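Could you walk me through this model in the viewer, one selection at a time? I would like to know what to click on next and what is there.

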Amino acid sequence: MEHLAILRDLQATLDYLRTIERDLSALPPDLAVLDTRLKAIEKQAAEKTKSLDSTRIHIQMKAKELAQAEKDEERARTAVKATSQKVHYAAAIRDMDEKERQKAAIARPLKALETEAHALEQALEALEAERATLKAKFDELHTVFLEEHANQVEGRKQLRTKQAELESKLPPREVTRFHRLAGARQGRVVVPVENGACTGCHVKLRGPFLFQLKEAKDAVACESCQRILFLP
Ligand SMILES: [Zn+2]
């Protein structure tokens, strides 16, 4: 098969595939509701996981600060015990009070962070349980849905095989280019010329270019949109 014929066949194959994918992704209402809910849960879980990660980082930082504050407090307490002179004793007591106050100032927000982390962990567990239940229900109904659409499922399988066969006959560079163009041009890569114009971008083709296209044995790209042209 010549190059252009393969490309045209590939375009037709992908067009059929797209139609089938559309049918198979058009879920009935009960499945669509489950699908929407599942996606919402996954989004919530991702957000909560992110919050939990950042809370844990804060907890680590605060825990280090607390360990240091505890050491400082311990040192101040030892200093109080070791002081015998009255004038130094008062200063040592003040220092110890200050260190206790500093420790408490770190311990309070740390406790709050730990409570927050615990609440996030519980919320995540609840979300995961709900997700698992809904996913099981979704899978059960989806299996039924796919059984009802057995023809499309089989068609999709065959078309994917055909796509792979056609692509294997093209240089990998061509295949990559084809899919990149398909992404940028709403899936329409190979288009016919009608009334001397590209039916992809509707730009009138230059006379010499049209002549070149008629003579060409291989694929020729539209000069304005880069789609592959053929004369019907
Ligand atoms: Zn064009």
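Here is a short tour of this predicted model, going from the domains to a helix and then to a metal site.

**Stop 1: the domains.** Colour residues 25-168 as domain 1 and residues 171-232 as domain 2. Taken over C-alpha atoms, the centres of the two domains are 51 Å apart.

**Stop 2: helix H1.** Now select residues 3-25, the 23 residues of helix H1. From first C-alpha to last, H1 reaches 32 Å, close to the 33 Å expected at 1.5 Å a residue. Show side chains for its buried residues, among them Leu-4, Ile-6, Leu-7, Gln-11, Thr-13 and Ile-20. What do the buried residues of H1 pack against? Their partners are helices H3 (86-148), H4 (150-168) and H5 (172-184), together with strands S1 (190-194) and S4 (228-230).

**Stop 3: the zinc ion.** Next, pick the zinc ion and display Cys-198, Cys-201, Cys-222 and Cys-225, whose SG atoms are its protein donors. These donors lie 2.2 to 2.4 Å from the ion, and along the chain they follow the spacing C-x2-C-x20-C-x2-C.

Why is the arrangement tetrahedral? The four donor atoms subtend angles of 106 to 114° around the zinc ion, and four donors count as tetrahedral if all angles lie between 85 and 135 degrees.

Stop 4: Cys-198 is buried, because its relative accessible area is 1%, while Cys-201 counts as partly exposed at 24% relative accessibility. The cut-off for buried is under 20%.

Methods. Residues numbered from 1 in each chain as written. Predicted model: local features only at pLDDT ≥ 70, side-chain atom pairs only at ≥ 80, totals over all residues. Heavy atoms only, no water. Donors = N, O, S within 2.8 Å, 3.2 Å for Na, K, Ca; no water. Tetrahedral: all angles 85-135°; square planar, octahedral: opposite > 155°, others 65-115°. Buried < 20%, exposed > 50% of the residue type's maximum accessible area, 1.4 Å probe, protein only. Helix = DSSP H or I, 4+ residues; strand = E, 2+ residues; numbered from the N terminus. Expected span 1.5 Å × (residues − 1). Contact = heavy atoms within 4.5 Å. Domains from an automatic or database assignment.
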